[in-house]
Amino acid sequence: MKIVQKELHISSKNRDQMIDITSQVGSAVSKSGISDGDVIVYCPHTTAAITINENADPSVPHDILLTLSELVPPHRAGYRHYEGNSDAHAKSSILGCSEQVLLKGGKLVLGTWQGIFFCEFDGPRSRRVVLQIRGE
Ligand code: ZN
């Protein structure tokens, strides 16, 4: 089994933003020469996340961000974290910092409507996404 690590660099523009990174992940997989296996898409940040969801209708990421903002208010009386960005930490943990995508014939195994999103919750910032591509 071969293992290749790559890194993507992402610049978010808003405090909350979902950025479609499917094509960047797909091209890193192509360049790796690994055709069957999997890729772990990992975000080494505490106020960002990785998720897979619909990338056909841009209203879907909008509505996910709206839903998260209703679930997790930006300010609450009980928050203690000194940085004042507790909502961003909570959203990051709700979605999680990684996704695993299977590879077949050098392509990402995704459903017709699925895309991989980097989710920013405390932007704008420069961010990293680490890819670990494993297989044959
Ligand atoms: Zn913080």
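The 4 donor atoms around the zinc ion subtend angles of 91 to 144 degrees, which makes the arrangement irregular. Four donors count as tetrahedral if all angles lie between 85 and 135 degrees; four count as square planar and six as octahedral if opposite donors are over 155 degrees apart and all others between 65 and 115; anything else is irregular. This is a predicted model, in which local features need pLDDT of at least 70 and side-chain atom pairs count only at pLDDT 80 or more, while totals for chains, interfaces and linings use all residues. Residues are numbered from 1 along each chain as its sequence is written, and side-chain values use heavy atoms, with hydrogens and water left out.

**Zinc site**

- His81 (NE2), Glu83 (OE), Asn85 (OD1) and His89 (NE2) coordinate the zinc ion at 1.9 to 2.2 Å.
- Donors are N, O and S atoms within 2.8 Å of the metal (3.2 Å for Na, K and Ca); water is not among the atoms, so sites may look incomplete.
- Along the chain, the donors of the zinc ion follow the spacing H-x1-E-x1-N-x3-H.
- Ideal angles at a metal are 109.5 degrees for four tetrahedral donors, and 90 or 180 degrees for six octahedral ones.
- Asn85 counts as buried at 5% relative accessibility, whereas His89 is partly exposed with a relative accessible area of 23%.
- Buried means under 20% relative accessible area, exposed over 50%, and partly exposed in between (1.4 Å probe, protein chains only).

**Overall fold**

- The chain contains 3 helices and 8 strands, arranged along the sequence as β-β-α-β-β-α-α-β-β-β-β.
- Helices (H or I, at least four residues) and strands (E, at least two) are DSSP runs, numbered from the N terminus.
- The C-alpha trace spans about 50 × 30 × 20 Å along its principal axes.
- Of the 136 residues of the chain, 40% count as buried.
- Among contacts (heavy atoms within 4.5 Å) between residues at least 6 apart in sequence, 84% join residues at least 24 apart.
- The chain exposes about 7500 Å², of which carbon and sulfur atoms supply 51%; accessible areas come from the Shrake-Rupley method with a 1.4 Å probe, and for residues only the protein chains shown count as cover.

- An open sheet of 5 strands has the order 1-8-3-5-6, with antiparallel pairing.
- Its edge strands are strand 1 (2-11) and strand 6 (107-108), each of which pairs on one side only.
- Two strands pair if DSSP finds at least two bridges between them.
- Strand 5 (residues 98-104) and strand 6 run antiparallel and are joined by 2 bridges, with Leu103 opposite Leu108 in strand 6.
- Strand 4 (residues 48-54) is largely enclosed by the rest of the structure, because 5 of its 7 residues are buried.
- Strand 4 runs antiparallel to strand 7 (residues 114-120), to which 7 bridges join it; Ala48 stands opposite Glu120 in strand 7.

- Val129 lies in strand 8 (residues 126-135) and is buried, with a relative accessible area of 0%.
- Not counting residues up to four places away in sequence, Val129 touches several residues, including Leu8, Ile10, Ile21, Val41, Ile50 and Phe118.
- The C-alpha atoms of Val129 and Val29 are separated by 14 Å, with the two residues 100 apart along the chain.
- Gly123 and Pro124 are joined by a cis peptide bond with omega of about -5 degrees, and Pro124 is found in the loop between strand 7 and strand 8.
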